Amino acid sequence: MEMEILFHTIMTDPKGSKRNIAARFQNALNLHVLPPIGVFWDIENCQVPKGKSAIALVQNIREKFFKDHREAEFMCVCDINKESKVVIQELLFAQVTVVHISATSKNAADDKLKQCMKRFVDTHGAPATLLLISDDVNFASDLSDFRHRHNIRIILIHRGHAHPSLLTCAHEHYTFSTITQDLPVRSPVKSVDNRPCELIVSDLPINRKEGLIKNRLLKLSNNCGGKVVSINGSKAIIRFANADFASR
């Protein structure tokens with residue numbers, strides 16, 4: 001939707017220079033009316049090619065699909081204990097939100113992605129754009145609802161053999177290989193110490209039930225794979241896969 005400013009008032013500041021208020025106002029207006037775009041990546045389904053740069057892949061997606069949009073969300077969901085630590089690190093460097101979901105059930109990551117997509121649609125509404133990176137047919141009903149009931153623009157990136165019921169939900173669809181074909185090799189990074197790391201939490205309230213404290217600690221640390229090992233009085237020990245996850 002184009003918006004025109006119909007006045008062209010010229011104002012002179014105390015130093016004598018002229019400023020076109022209409023142009024300045026139009027620029028400011030354009031910055032605020034850009035539709036939001038949210039990227040939701042099923043990284044267990046569409047993985048970063050081995051040895052390739054996840055940072056460059058994220059940049060490719062932004063350059064190809066984010067024109068005339070403002071980034072409202074860029075996230076992936078996975079069990080970080082099963083993904084490459086280097087890939088996870090690069091995604092974080094690229095300002096991608098990495099949501100950890102313990103692989104306790106087959107569709108745990110899919111269910112979390114669906115929840116996040118619904119929240120995005122409820123928050124932003126039309127004319128937002130939702131970009132899903134997956135070819136899991138389980139997302140078809142949600143995408144159809146977003147497109148036909150909420151008027152959300154849908155972009156799908158898939159591995160090349162997505163079910164027709166998923167493809168018909170999208171306004172545009174692309175194969176994952178077209179996004180990854182020219183990726184550079186991953187730059188060498190400092191090796192990650194994969195030894196478990198334990199974090200001591202002190203000054204915990206002693207007048208609360210241990211179960212409540214444990215649940216609160218799990219909620220705070222679960223996104224980085226933390227596990228509450230023990231609670232003793234005002235202290236607790238949380239174990240992480242390595243020091244890098246503990247530092248987050």
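The largest nonpolar core of this predicted model has 40 residues. A nonpolar core is here a set of buried Ala, Val, Leu, Ile, Met, Phe, Trp, Tyr and Cys residues joined through side-chain atoms within 4.5 Å. Buried denotes a relative accessible area under 20%, exposed one over 50%, and partly exposed a value in between (1.4 Å probe, protein chains only). Trp41, Ile61, Phe65, Leu91 and Ile133 have the most contacts inside this core. Helix H2 (residues 54-65) provides its largest share, namely six residues. Because domain 1 (28-179) and domain 2 (197-247) both give residues to the core, it lies between them; the domain bounds come from an automatic or database domain assignment. Helices (H or I, at least four residues) and strands (E, at least two) are DSSP runs, numbered from the N terminus.

Contact means heavy atoms within 4.5 Å. With neighbours within four places in sequence left aside, Leu91 is in contact with Trp41, Ile43, Ala54, Val58, Cys76, Val96 and Val98. A second, separate core has 26 residues, including Phe40, Met75, Ala109 and Ile152. Ile88, placed in helix H3 (residues 85-93), is buried, with a relative accessible area of 0%. The C-alpha atoms of Ile88 and Cys76 are separated by 9.9 Å, the two residues being twelve apart along the chain.

Residues are numbered from 1 along each chain as its sequence is written. Local features need pLDDT of at least 70 and side-chain atom pairs count only at pLDDT 80 or more, whereas totals for chains, interfaces and linings use all residues; side-chain values use heavy atoms, with hydrogens and water left out.

Helix H5 (residues 140-150) has Ala140, Asp142, Leu143 and Phe146 as buried residues. Among the elements that cover them are helix H4 (108-124), strand E6 (129-133), strand E7 (153-158) and helix H6 (164-167). H4 and H5 pack at an angle of about 10 degrees, and their axes are 11 Å apart. Axes are lines fitted to C-alpha atoms, for helices over the stretch in contact, and angles run from 0 to 180 degrees between N-to-C directions. H4 is therefore roughly parallel to H5, given that angles under 35 degrees count as roughly parallel, over 145 as roughly antiparallel, 65 to 115 as roughly perpendicular and the rest as oblique. In this contact, Lys114, Met117, Lys118 and Val121 of H4 meet Asp142, Phe146 and His150 of H5. The residues of the contact of H4 with H5 comprise three nonpolar, one polar and three charged. For this division, Ala, Val, Leu, Ile, Met, Phe, Trp, Tyr, Cys and Pro count as nonpolar, Asp, Glu, Lys and Arg as charged, and the others, Gly among them, as polar.

Asn151 follows H5 and lies in the loop between H5 and E7. Although Asn151 is not a glycine, its phi is positive, about 60 degrees; the residue is exposed, with a relative accessible area of 59%. Asp68, in the loop between H2 and strand E4 (70-78), is likewise a residue other than glycine with a positive phi, near 60 degrees. The relative accessible area of Asp68 is 53%, and the residue is exposed. In the loop between H4 and E6 stands Pro127, and the peptide bond from Ala126 to Pro127 is cis, with omega near 10 degrees.

The protein chain as a whole has nine helices and eleven strands. Of its 248 residues, 40% count as buried.
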